[in-house]
Amino acid sequence: MLIRKLKILYYQYSFWFVVSAVSVVLLVLSVVGLLTMDSFFAQQQVATLPLETLKMIAWSILSALFFAKILYSGRMMTSSRNPRIKASDIQVRMDDVIGLKEAKREAMEVVALIKDHAKLRRMGGRAIRGILMEGPPGCGKTYLAKAIAREANVPFYSLSGSDFVEVFVGVGASRVRTLFQIARNQAYISGAAIIFIDELDAVGRARSFSFMGGQEHDSTLNQLLVNMDGLADEKGGNVIVIGATNAAESTLDPALLRPGRFDRKIMISRPKLSDREELFRYYLRKIKFDASLDIPRLARKTVRKTPADIQNIVQEGALVAMRDMRDEVTYKDISEAIERVDLGQQTHLDLTPGEKERVAFHETGHLMVLYTQHPTDDVFKASIKTRGGALGVVYHNPREELYTRTRDEIYADIKTALAGFVAEKIKYGNTSTGACSDFSNAMAIASDMVWEYGMSTNGFIGDYTVLLKNPGRGGESRISDSLKDHLNSESEKIMQQAAKDVEAFLKKEWKLVEVFARELLEKSELDYDEIETTFKAHGKERVTS
Ligand code: ZN
């Protein structure tokens, strides 16, 4: 161990070893020279020595300052930030990583390979060098990387790709070189080390061929590639590079993904329903909450939210409770927190009673169609409190992440969007500007149905957007104006049909519409339970797919 450390000392400071050896030789030579001189000249030399030395020191300091100012103005040097974290200082264990079952299994495999490095070598296996973690931000990539280091008990160096992005050509590259050098030395002592590069895409995006500004980036990336290849013949210890990226793999330089570089991939995905439940339990454990709090429902309400979002929501919920001077967090607090995150703070606009009533009927229209006609969405809340710029909202979410959608489901989206407009029309005989954003949603969907999904009613199938502009075929649009007109009138037909369906439905259920509108006006907000109770009391069941 000691010899290893001394060796490293020598490798690291070999430059200084040479410098001191040369100075010693020079010193000896000058002393010998002085002794052989006539005594008068020798004394003269010795007398001017202090002044000469002072002059030299002053000059070196001045020029060093000058160069430092030019080169690193406003920027500290590489050593200013120590990216190293000791394994024992990492608080994250694999058990703290929630959900991500598949990713965790792969991570544990990596841990086993790091720990049993020697065995791997005996069996002739290739040591791991690069692991690419890919997934949306806030889903725990850093967490998982840290957990790997902790479980394998190896030093962990964490940097962000943007730390390497520099203006001056070569600075980023030298940073990469230094980082790898330090990690390699450490691995020599501890057996292995992990370098974690967050936002790998900042360094690793495909090399550019622009004349402006591309050089620095390219030299950094090249340095990274060279250093990763250098890890291959490492005898002393295993350096593993973990890169994390939110961007798709295709944006990375293909050279990075070649065998021997980032050739292992761990996909990090958003938490599933059961994972979100677990996440809520995990974060709620840290605060005091109402025992009757419905965690599964919170999990359903947070489709597509990341672990970081959920942590944020729980903290925000605690703040809501604190503001109301309660020491227990309730379902309502968390629910309010979700709406704050998604829709913005409540604002207080003074609507006239007439406007308020109109908003209530409009939102009731949405609510009725969602609850009884939409096959995939759950309704969590209907509200006529103003929030952000919205006058009212019916908060709904798909029951689970959907990867494909059927025509019925998409059509239900259109009906839901149009229901506010239709409800106003039935109630007042005229409509308001409040329908505008609903229309843009509905039209976008209807147009996609016809243009892209082959869901029109008269048998048009195909993705017609392909014909609009195709650079590979000369950039000319290959779609005639009459076909465009035809497709657009098809999507209009879908809109008309949806409005007609909704109108028939709402007219039939108008009594219930009046009930809900009145309730909304009274309470301003209806929660899931209240909505369900009223529907059940009127013999309406939630539609299920
Ligand atoms: Zn609306």
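Glu 525 is buried, and Lys 381 is buried as well, where buried means under 20% relative accessible area, exposed means over 50%, and partly exposed covers what lies in between (1.4 Å probe, protein chains only). The model is a predicted one, in which local features need pLDDT of at least 70 and side-chain atom pairs count only at pLDDT 80 or more, while totals for chains, interfaces and linings use all residues. Residues are numbered from 1 along each chain as its sequence is written, and side-chain values use heavy atoms, with hydrogens and water left out.

**Salt bridges**

- A search of the whole structure finds 37 salt bridges, each being a side-chain nitrogen of Lys or Arg within 4 Å of a carboxyl oxygen of Asp or Glu.
- Among them is the contact between the side chains of Glu 525 and Lys 381, at 3.5 Å from N to O.
- Glu 525 belongs to strand β9 (residues 525-527) and Lys 381 to strand β7 (residues 377-383), so this pair ties together parts that lie 144 residues apart in sequence; helices (H or I, at least four residues) and strands (E, at least two) are DSSP runs, numbered from the N terminus.
- Lys 425 and Glu 503 also meet through their side chains in a salt bridge, again described by an N to O distance, here 3.5 Å.
- This pair links distant parts of the chain, with Lys 425 in helix α15 (residues 407-428) and Glu 503 in helix α18 (residues 481-508), 78 residues apart.
- Lys 425 counts as partly exposed because its relative accessibility is 37%, and Glu 503, at 21% relative accessibility, also counts as partly exposed.
- Salt bridges that share partners join Lys 301, Glu 316, Glu 336, Glu 339, Arg 340, Lys 381, Lys 385, Arg 387 and Glu 525 into one network.
- Within helix α10 (residues 273-284), Arg 281 and Glu 277 lie four residues apart, about one turn of the helix, and they form a salt bridge whose closest N and O atoms are 3.4 Å apart.
- Arg 281 has a relative accessibility of 41% and therefore counts as partly exposed, as does Glu 277 at 21%.

**Aromatic pairs and charges over rings**

- The structure holds nine aromatic pairs, in which rings of Phe, Tyr and Trp (its six-membered ring) have centres within 6.5 Å, with planes under 30 degrees apart counted as stacked, over 60 as edge-to-face and the rest as tilted.
- The ring centres of Phe 361 and Trp 510 are 5.9 Å apart and the ring planes meet at 15°, so this pair is stacked.
- The two residues come from distant parts of the chain, Phe 361 from helix α14 (residues 353-373) and Trp 510 from helix α19 (residues 510-523), 149 residues apart, and both Phe 361 and Trp 510 are buried.
- The pair of Phe 516 and Phe 535 is tilted, because its ring centres are 4.7 Å apart and its planes stand at 50°.
- Phe 516 lies in helix α19 and Phe 535 in helix α20 (residues 528-537), 19 residues apart, and the pair thus links distant parts of the chain.
- Phe 516 is buried with a relative accessible area of 0%, and Phe 535 likewise counts as buried at 0% relative accessibility.
- Phe 361, Tyr 428 and Trp 510 form one aromatic cluster.
- The charged end of Arg 358 sits over the ring of Tyr 428, 4.4 Å from its centre, a description that requires NZ of Lys or CZ of Arg within 6 Å of the ring centre and within 35 degrees of the ring normal.
- The charged end of Lys 301, a residue of the salt-bridge network, sits over the ring of Tyr 395, 5.1 Å from its centre.

**Helix packing**

- The axes of α19 and α20 come within 11 Å and cross at roughly 150°, axes being lines fitted to C-alpha atoms, for helices over the stretch in contact, and angles running from 0 to 180 degrees between N-to-C directions.
- α19 and α20 are therefore roughly antiparallel to each other, on a scale where angles under 35 degrees count as roughly parallel, over 145 as roughly antiparallel, 65 to 115 as roughly perpendicular and the rest as oblique.
- The crossing of α19 and α20 is right-handed; a crossing is left-handed if the near helix is turned anticlockwise from the far one by less than a right angle, and right-handed if clockwise.
- Helix α16 (residues 436-451) packs with α18 at an angle of about 125°, their axes being 8 Å apart, which makes α16 oblique to α18.
- The crossing in which α16 passes α18 is right-handed.
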